[in-house]
There are 2 protein chains.
Amino acid sequence: MNADARFTDAALRSWKQNADRVEQFFASVSDAELEKEIAPGRNRLVYLLGHLAAVSDTMMSLLGLGERAHPELDTPFLKSPDRAAQSPHSIPNLREVAREIDARLWTALNGLTPAQWLERHTSVSAEDFAKEPHRNRFSVLLSRTAHMQFHYGQMVLTKARGE
Amino acid sequence: MNADARFTDAALRSWKQNADRVEQFFASVSDAELEKEIAPGRNRLVYLLGHLAAVSDTMMSLLGLGERAHPELDTPFLKSPDRAAQSPHSIPNLREVAREIDARLWTALNGLTPAQWLERHTSVSAEDFAKEPHRNRFSVLLSRTAHMQFHYGQMVLTKARGE
């Protein structure tokens, strides 16, 4: 593996490790427990399930990997705070949609070459990218990995200590 | 900037962005507010301040960048849960120590070349590294960035919504 590929390999491993933790967390929580709030008056777990799925789905188009599969998640889970909009999915459906999005994204992420990771993402223009070459696909992967951990740190607070 | 340097540049930017957020958060919190818990019965903010400083300090030795400056943080903030051990620092001192550690680490991180980022970290042996070349300095940087975000997601729960 050459040097470039070792950098992208490290970032993909980091993404996957974090995505797996989130998936295992939600698998360990019952449908009823998804109603738990991460703190009094704050987001419920079900909102974070939908929110993380919506963000992963947007990564498909942001990274130029294909059309989004689930834009219906945006209104309830990205544009609205928790409880403000009705989810179009039942909880079992939402769980399935989240798994589908994750699996599809993971396959697509693995199809990029190191050179493609350094190309611009779709929300930056060619002109701006010429001035700010750090606005590349790779930086999106890093920031979305951090975003997952941000919410993962919150989710675990709903579990009893040591669980 | 060649391709290798663009990967390390992205990861360093991600580290700095997250470290700055954490620093600004703590700067916005009074000494009295550092006693707040992230959730009932969970870590206080002051513990997370010491914990993140201790982890950043260990990165110096883990990345082979120099001796640790503050091993006295380990017992209260890494090896013990919150409230189990006495901090050796007053709160103003702890704030200053955290800033020093961050600044020193940031300078050291910027001194590494892309090739050095792909070298092993000090807790993996040469034999193991030959088999598992992904256990490099770069992967430590990514995992510690994610770790910061994990706790940052918790800290922000102590602030009123929208603050």
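**Getting to know a predicted two-chain model**

Q: What makes A:Arg68 and A:Asp57 a salt bridge?
A: In this predicted model, the closest N and O atoms of A:Arg68 and A:Asp57 are 3.1 Å apart. The rule asks for a side-chain nitrogen of Lys or Arg within 4 Å of a carboxyl oxygen of Asp or Glu, so the pair counts as a salt bridge.

Q: Why is this pair said to link distant parts of the chain?
A: A:Arg68 sits in the loop between helix 2 (45–62) and helix 3 (74–79) of chain A, while A:Asp57 belongs to helix 2 of chain A. The two residues are 11 residues apart.

Q: How many salt bridges does the rule give over all chains, and how many across the interface of chain A and chain B?
A: Over all chains the count comes to 26 salt bridges. Across the interface of chain A and chain B, the rule finds zero.

Q: What polar contact is there across the interface of chain A and chain B?
A: The rule finds 10 residue pairs in polar contact there, both residues being at pLDDT 80 or more.

Q: Which helices of chain A supply at least two residues of the side that touches chain B?
A: They are helix 1 (3–27), helix 5 (114–117) and helix 7 (137–155). Helix 1 gives the most, with 11 residues. By class, this side of chain A has 19 nonpolar, 10 polar and seven charged residues.

Q: How much area is buried between chain A and chain B?
A: About 3,100 Å² is buried, and carbon and sulfur atoms give 64% of it. The contact takes 36 residues from chain A and 36 residues from chain B.

Q: Which residues are closest to the centre of the largest pocket?
A: The pocket has about 330 Å³ of space. Of the 15 residues that line the pocket, the closest to its centre are A:Ser143, B:Ser14, B:Gln17, B:Asn18 and B:Arg21. The lining divides into five nonpolar, eight polar and two charged residues.

How values were computed: Residues numbered from 1 in each chain as written. Chains lettered and ligands numbered in written order. Predicted model: local features only at pLDDT ≥ 70, side-chain atom pairs only at ≥ 80, totals over all residues. Heavy atoms only, no water. Contact = heavy atoms within 4.5 Å. Buried area = accessible area lost by both parts, 1.4 Å probe. Polar contact = N/O pair within 3.5 Å; in protein donor to acceptor, adjacent residues only side chain to side chain. Helix = DSSP H or I, 4+ residues; strand = E, 2+ residues; numbered from the N terminus. Nonpolar A, V, L, I, M, F, W, Y, C, P; charged D, E, K, R; others polar. 1 Å grid on protein atoms, 1.4 Å probe; cavity = no way out; pocket = protein on both sides within 12 Å on 5 of 7 lines; lining within 4 Å. Points joined across faces, edges and corners; volume = space filled by probe spheres on them.
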